[in-house]
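The following note sets out several points on the helices of the structure and on the contact between its chains. It is intended to be read alongside the coordinates.

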Amino acid sequence: MAILAIPKVLQGPEELSVDGPKVIKTFDIFGFQINFTETVVLEWIVIGVILLAAFLLTRNLKVRNVSKRQAIAEMAVEAITNLVRDTMGKRWLWFTPYIASVFCFSIFGSLISLFGVRAVTSDFSVLLSWAAVTFILITATKIRYGGIGGYLKGFVDPIPVMLPINILSEVSTPAAMALRHFGNIAGGSIIMGLIYYGLANLSHMIHLQVPVLTVGLPAVLSLYFDLFSDFMQAFIFIMLTMVFISNAGPADDEAPQTN
Amino acid sequence: MEMSEAIVLAGSAVGAGLAMIAGIGPGIGEGYAVGKACEAIARQPEASGAVTRTMFVGCAVAESTGIYGLIIALLLIFLKPFT
């Protein structure tokens with residue numbers, strides 16, 4: 001018998017359930033069921049935060065007497081520019097804005113889970129669409145430098161028997177990228193959920209009304225599963241994007257001058 | 001609970017556990033890669049930036065088989081596709 005009535009919210013999770021993102025509204029467009037989910041709302045919040053940050057950081061830019069805000073903005077831009085230059089080479093520098101926006105979106109989209117909502121990146125469709133953009137960019141680069149004929153010829157290289165394997169490897173590139181990011185973030189959040197649930201049950205088992213055991217250990221694990229793995233996956237996603245795109249073009253020295 | 005359903009659930013749980021054996025491969029592979037990266041940095045400390053970057057990308061690629069195992073295990077536990 002509990003002497004004091006303990007609020008429901010302090011009693012810890014009662015049951016463990018793993019669901020996809022909540023569907024807010026379903027639209028019926030030309031016979032297709034289009035779901036308007038929680039993820040879309042969170043994505044717009046993330047976009048808003050990034051836009052606000054970009055706006056605040058780039059106001060009143062000066063050449064002399066640089067403010068702290070401007071120093072931070074310059075540091076970020078310089079870091080990402082150097083990364084793109086080191087990984088892709090000088091002639092791909094015009095890719096920097098795209099790479100930077102994917103990086104920001106991925107990081108903020110994952111870190112939004114710190115506020116207790118579902119991470120944007122634990123929805124597979126988000127990652128699949130980013131990977132699809134990468135796939136389109138790879139294909140476009142191949143066609144741009146090799147022509148349509150060269151692109152199609154790449155599938156029967158070195159011998160025609162390799163055709164199915166080449167098609168498979170072409171398709172598996174974006175699929176593996178999306179699955180890796182999704183698996184890390186979603187798996188991490190499920191493991192954290194399991195740990196919370198297990199610790200709450202353990203505290204109930206030794207007759208604690210408030211699950212005291214859930215204090216401490218999850219915070220340490222969250223450093224890895226939320227902070228480290230979010231940054232790591234965002235970094236790896238943009239690294240793979242850059243490597244695949246720059247590999248689709250010719251090597252640096254034999255490149256035709258395009259601009 | 002029906003007997004057949006119980007058998008399927010037990011099978012799914014065992015299968016999820018077996019799927020996570022896939023974690024062995026990436027573990028060994030990533031450990032090997034990081035060890036080699038440490039050797040490389042010890043030999044050439046000025047190249048540590050490039051070595052670390054390459055190592056992380058390599059680790060990410062090596063990790064994907066483990067992630068596939070994890071996804072299969074999660075599907076078996078939470079979606080229960082065979083019940």
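**Note on helix packing and the chain contact**

1. In this predicted model, α1(B) and α3(B) cross with left-handed geometry. Helix α1 of chain B covers residues 3-19 and helix α3 of chain B covers residues 48-79; their axes come within 8 Å and cross at roughly 170°. Since angles over 145 degrees count as roughly antiparallel, α1(B) and α3(B) are therefore roughly antiparallel to each other.

2. On the α1(B) side, this contact is made by B:Ser12, B:Gly15, B:Ala16 and B:Ala19. The residues contributed by α3(B) are B:Gly69, B:Ile72, B:Ala73, B:Leu76 and B:Ile77. An α-helix has 3.6 residues a turn, so residues three or four places apart point the same way. Classified by residue type, the contact of α1(B) with α3(B) comprises 6 nonpolar and 3 polar residues, with no charged ones.

3. Between the chains, 13 residues from chain A meet 12 residues from chain B. On the side of chain A that touches chain B, α5 (163-205) and α6 (217-248) each supply at least two residues. The largest share of that side, 7 residues, belongs to α5(A). By class, the chain A side divides into 9 nonpolar residues, 3 polar and 1 charged.

4. Helix α6(A), one of the contributors to that side, deserves a separate remark. Its 32 residues reach 45 Å from first C-alpha to last, close to the 46 Å expected at 1.5 Å a residue.

Conventions
Residues numbered from 1 in each chain as written. Chains lettered and ligands numbered in written order. Predicted model: local features only at pLDDT ≥ 70, side-chain atom pairs only at ≥ 80, totals over all residues. Contact = placed C-beta atoms within 7 Å. Helix = DSSP H or I, 4+ residues; strand = E, 2+ residues; numbered from the N terminus. Nonpolar A, V, L, I, M, F, W, Y, C, P; charged D, E, K, R; others polar. Axes fitted to C-alpha atoms, helices over the stretch in contact; angles between N-to-C directions. Parallel < 35°, antiparallel > 145°, perpendicular 65-115°, else oblique. Left-handed = near helix turned anticlockwise from the far one by under 90°. Expected span 1.5 Å × (residues − 1).
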